[in-house]
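The sequence and structure are shown first, and a description follows.

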Amino acid sequence: MNYYEILGVDRQATAQEIKKAYKKLAKKWHPDLNRDDPKTAEQKMKEINVAYTTLSDEVARIDYNKKLDAEKANSEHSTKTKKSDAHKTGTAKKSSTGTSTAGVNFKNIHSSFETFFGFNPKTHEVTNEDKLNTFSANKKKKNPLDTTDFFEKFMGFKVK
């Protein structure tokens, strides 16, 4: 739940409206006034205080709004991408966790690995030179898992 929802105000609320909502909720949820369920009241007051502290500070509120906008944009992009990918492949499935697994065969993950990387990890066979050697146009490697070049560049000396 976002801070605006916690305080029950909209995003364009003024500082006075935020303060008024805070006071109203503080009276309702203050632990001293909720002796029947003090743990719930205490938790609610913590949420209310964090929301009010953030939204009543102009700079913190601007930062929070940017965060909300970014989350919304990421969520919309992710949803559009998943729908688009599932529509294109026609193979979208729901896994046990409910996430989209378009085009991935988890029972034979090696084939997915091979399709993506151009290398079969079981047989050590190169199946797609173009995918395998994107890092070096003039140098063909037999094993994509060989990190010798990376190590040599990082350490600054050749391994014999």
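## Overall organisation

Among the contacts in the chain with a separation of 6 or more, 30% join residues 24 or more positions apart; a contact here means heavy atoms within 4.5 Å. The model is predicted, so local features need pLDDT of at least 70 and side-chain atom pairs count only at pLDDT 80 or more, while totals for chains, interfaces and linings use all residues. Residues are numbered from 1 along each chain as its sequence is written, and side-chain values use heavy atoms, with hydrogens and water left out.

The chain contains 7 helices and 2 strands, which are DSSP runs numbered from the N terminus (helices H or I, at least four residues; strands E, at least two). From the N terminus on, their order is α-α-α-α-α-β-β-α-α. The chain has 160 residues, of which 21% count as buried. Buried means under 20% relative accessible area, exposed over 50%, and partly exposed in between (1.4 Å probe, protein chains only).

## The pairing of α2 and α3

Two packed helices are described by the angle between their axes and the distance between the axes. For helix α2 (residues 15-29) and helix α3 (residues 38-56), the axes come within 10 Å and cross at roughly 170°. Helix α2 is therefore roughly antiparallel to α3, a term for angles over 145 degrees, taken between N-to-C directions on a scale from 0 to 180 degrees.

On the α2 side, the contact involves Ile18, Lys19, Tyr22, Leu25, Ala26 and Trp29; these meet residues of α3 including Thr40, Met45, Ile48 and Leu55. The residues of this contact divide into 10 nonpolar, 2 polar and 2 charged.

## Salt bridges

Side chains of opposite charge can pair when their charged atoms come close. A salt bridge is counted when a side-chain nitrogen of Lys or Arg lies within 4 Å of a carboxyl oxygen of Asp or Glu, and the count comes to 2.

Arginine 11 pairs with aspartate 69, their closest N and O atoms being 2.8 Å apart. Arginine 11 is partly exposed at 30% relative accessibility, as is aspartate 69 at 38%.

Glutamate 42 and lysine 46 form a salt bridge at 3.7 Å, N to O. Because they lie 4 residues apart in helix α3, about one helical turn separates them. Glutamate 42 is partly exposed at 41%, and lysine 46 is partly exposed at 46%.

Key:
Parallel < 35°, antiparallel > 145°, perpendicular 65-115°, else oblique. Nonpolar A, V, L, I, M, F, W, Y, C, P; charged D, E, K, R; others polar.
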